[in-house]
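Subject: Structure handover

Hello,

Please find the structure below. My notes on it come after.

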Amino acid sequence: MDSRNGLKKERVWLLAARLHRSAQNTDSWDITSRRRWEDASRATRAVDDPEKRFLLLSFDKDAERFFLETSEKLHRLLKRGISVDVDGVVLRFTFLGYSESMLGASTMMFFHEDDKFTVKGLLESFGALDAVFRRSSYGKYAARLGLSFSSTVVARKLQQEDLVKIEDRFAQDGSCTTDGVGLITDSLAQEICVELDISSNTSIFQCRLAGIKGLFVRTPDADFLRIARSRTAKLAYRPSMYKYDGGPLVLEVNAISKVAPGPARLNIQFILILLALKVKVAVFETLLQAQLKKIADIFSNREEAIDFLERGDDVLLDSLAEPSLRQDLYEMLYAGFDLNEPRLKWAMQKLQQLIFKRLREKLNIEVPDSAYLFGVADETETLQAGEVYVNMSRRGNLIGRTLLVGKNPAYAPGDLQIFKVVDSTLLRSSCPADCIVFASSRSCPRSPSDTISGADLDGDKYFVTWDPQLVPSSVHSPQPRPKLAKEDLRLAIESKVQAAAEVFVAQRNKMLLGQMSNEWLKVAEFSPDGPKHPWCIGLVPLLERALDMAKTGDDVKQLRQEFRALAFVTPAKNLFGSPSHLSTLRALIPKSADTPFEHWTRDPHLDAMKSLPSVSQDAYKREMAMARWLIRNFNSELAEALNKSENPTTSLNSVSIKKVERSDTERRNKEGECSGTERSSQADDVTRKYINMHFNDSKDSEMLLRLRAAVWYEVGYAHQRNAFAWIGQRYLCRLKAAATTPREPISIGNVSLPLIPTTSATPTASQSRPPLSQASQDTLGGPWTFVRQQQTDSAESLTSTGTDETPDIVSVLLRCTQQQHKVVFESDGPKQKLVCSCGVNMEQVRVND
């Protein structure tokens with residue numbers, strides 16, 4: 001379960017395949033495939049076995065040059081389909097389609113058909129998507145198909161009487177002031193908060209519902225009745241939210257507003273525009289220096305390090321999440337490892353390198369007095385143009401303050417606008433918290449959201465700051481928005497598959513948009529006029545057309561020709577050697593060099609014989625002999641995989657995909673830092689293979705896995721092999737935590753972190769560890785009760801598999817928590833008690849030998 005943004009999202013296995021040239025015959029093509037975790041969606045919930053139904057296909061560079069050279073070549077591939085060996089069975093996959101995000105990533109979805117499920121039947125279950133294609137372009141069809149592949153959780157099955165349509169509102173220029181935003185009753189919102197186990201104060205729900213897409217804003221029941229004029233309805237949607245007919249009447253939540261959202265970040269475009277608006281570079285230098293100090297503090301302060309990591313997007317409370325460098329560090333810090341432990345210190349230095357590299361490239365400077373907020377419409381119609389309402393009580397009172405508001409991407413000087421925060425009794429009683437409320441009345445000359453990079457209210461998040469040093473004295477007029485291009489009608493086209501091939505070849509990877517953006521950046525960064533240079537301003541309409549090209553059906557060839565004509569007269573070639581507006585900021589960011597492993601001194605708490613006194617010498621010797629043999633194999637396989645990273649040659653026809661066990665120890669490396677290099681997927685596969693074979697908690701007891709982890713750690717350090725030593729990191733963290741806290745933290749169900757028991761005694765000075773931060777406590781809130789589980793020193797724990805007539809209580813605990821039951825588990829010495837909402841009431845006493 002994925003707890004990003006407070007939502008606990010289910011994850012499923014899907015096949016991911018890559019098309020590449022065969023090593024044996026350069027005139028033929030092979031497919032290399034593996035399973036990977038993806039968030040569940042409407043599509044994955046619609047079939048019986050998604051991991052054998054869906055296949056995401058991507059192309060390596062050679063395959064791109066061949067198959068994507070023309071739409072005809074790709075069309076033939078899509079019509080033919082592909083065959084893949086899955087668990088020893090060759091399955092045939094038929095082209096299903098792709099979403100707008102898949103188009104941007106140059107991937108597409110295939111589907112395995114049989115008598116039970118077909119592509120045609122699956123697409124029909126999503127709604128009347130074919131009607132979208134017939135009246136529009138395949139790009140618009142792809143955007144609508146994306147609703148069914150969005151990462152969502154099911155909130156509620158609905159009846160037709162639960163819904164009511166209300167009208168949109170429009171500004172004087174005809175732009176929609178309520179584009180993409182509807183209403184949800186306070187009573188239903190409260191029920192959904194309970195069902196999804198999220199904060200009861202959640203005010204905004206980004207949802208998918210049949211063919212409806214957008215935000216549902218929590219509204220007092222009385223106000224909802226006044227606006228919707230329906231006593232049975234609980235959700236009100238607008239025409240701007242309605243994308244197509246049909247589809248399941250199931251409310252699916254994609255994202256929610258954050259209660260007391262944290263600070264937001266600037267980026268290069270925002271900084272360049274603000275510099276052009278006379279904000280002094282010293283303001284950004286001060287903010288950057290404060291951020292660099294925070295980064296430096298994580299090396300000497302455990303609490304600062306944990307807080308820093310918790311604010312990362314890839315730290316998930318999920319035992320099946322794809323681990324990353326941040327996730328590994330997070331677990332090690334909570335386990336109580338010393339900050340000078342060589343692995344922890346080395347990993348922190350690797351993280352610092354990544355942070356500095358990203359900061360230098362993106363200049364994503366944190367602004368303490370800022371937030372990313374959903375934008376919604378003022379349903380009271382009391383706000384006037386230039387006014388907003390913002391209620392973030394935990395971030396201070398903003399009434400009367402002046403805000404700078406923007407949205408990514410921003411290219412025009414007028415894409416950043418200023419608003420005044422106002423207040424009234426009516427606004428306080430009717431408007432939601434933790435969002436920015438824009439005016440929606442007819443008195444607005446133009447939709448306020450449209451003035452900000454052409455944004456809308458269907459889920460766009462706005463950069464909002466009240467830092468007075470970042471709010472310029474004046475801003476430019478909003479950028480005029482170009483009229484939408486006439487949609488490319490395809491009533492007479494030969495087939496939908498042919499149209500899919502044409503759009504994919506023309507628009508994959510958003511290559512044209514990337515070229516335009518790079519040219520804009522060259523001129524805006526080095527020209528004395530910055531983003532106000534006439535050439536940059538002239539490029540903005542083309543950039544905005546490229547951004548929406550898939551949905552509008554704009555002519556790609558025509559747009560490319562217009563860009564080439566403008567690029568021919570670019571001033572960038574005359575700016576070579578000119579000073580950059582950003583050079584002083586980049587100069588502040590240290591350039592950290594690669595650092596070797598500092599030393600190979602082992603942590604005494606990870607000594608197998610000392611930490612696990614009940615383990616016999618024979619068991620230790622067996623594991624040691626096995627580790628000494630396996631380290632040679634692991635190093636050899638890892639080196640071979642790294643050598644293959646530039647030219648994958650494994651054919652799926654000769655190597656079957658083996659199902660990866662869904663265990664607590666499944667470890668994957670999203671960022672590729674576990675081995676100290678940017679590893680290829682082949683190298684990841686090697687590590688995954690060893691984890692699955694040797695650290696699988698469904699096969700071996702907890703005590704045996706801890707012993708194995710400690711032995712591999714000892715052997716890895718003896719041979720100075722970091723990657724091998726820490727393959728069993730999760731169990732090393734448990735060993736360390738057991739030694740450094742008075743009561744052993746345990747990992748329960750979907751939560752992978754070594755949790756600090758809430759009932760523990762006061763630790764001694766040598767055992768003290770920081771308490772869970774408020775962010776962690778909020779995320780871990782809910783029905784779980786975490787209490788002590790004593791380490792069992794019996795020989796039985798080495799061999800127990802939980803398959804006796806009386807099931808092992810820990811096995812039942814893991815099974816119940818993985819099924820999201822409400823569990824209370826207590827342990828006091830040898831006595832353990834489990835009470836579960838499913839009816840299980842167990843008490844077990846273990847007798848030590």
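The notes cover the model, a barrel, one serine and some salt bridges.

This is a predicted model, in which local features need pLDDT of at least 70 and side-chain atom pairs count only at pLDDT 80 or more, while totals for chains, interfaces and linings use all residues. Numbering starts from 1 along each chain as its sequence is written, and side-chain values use heavy atoms, with hydrogens and water left out.

A closed barrel of 6 strands runs S16-S20-S17-S19-S18-S21 with mixed pairing. Strands are DSSP runs of E, at least two residues, and helices are runs of H or I, at least four residues, numbered from the N terminus; two strands pair if DSSP finds at least two bridges between them. S18 (residues 402-406) and S21 (residues 461-465) are antiparallel over 3 bridges, and glycine 406 stands opposite phenylalanine 463.

Serine 257 is in the loop between S13 (250-256) and S14 (264-265). Its relative accessible area of 5% makes serine 257 buried (buried: under 20%; exposed: over 50%; partly exposed: in between; 1.4 Å probe, protein chains only).

There are 41 salt bridges (a side-chain nitrogen of Lys or Arg within 4 Å of a carboxyl oxygen of Asp or Glu). Aspartate 87 forms one with arginine 35, with the closest N and O atoms 3.1 Å apart. These partners lie 52 residues apart in the chain; aspartate 87 is partly exposed at 28%, whereas arginine 35 is buried at 3%. In helix H6 (residues 119-126), lysine 120 and glutamate 124 are 4 residues apart, about one helical turn, and their side chains form a salt bridge at 2.6 Å, N to O.

Regards
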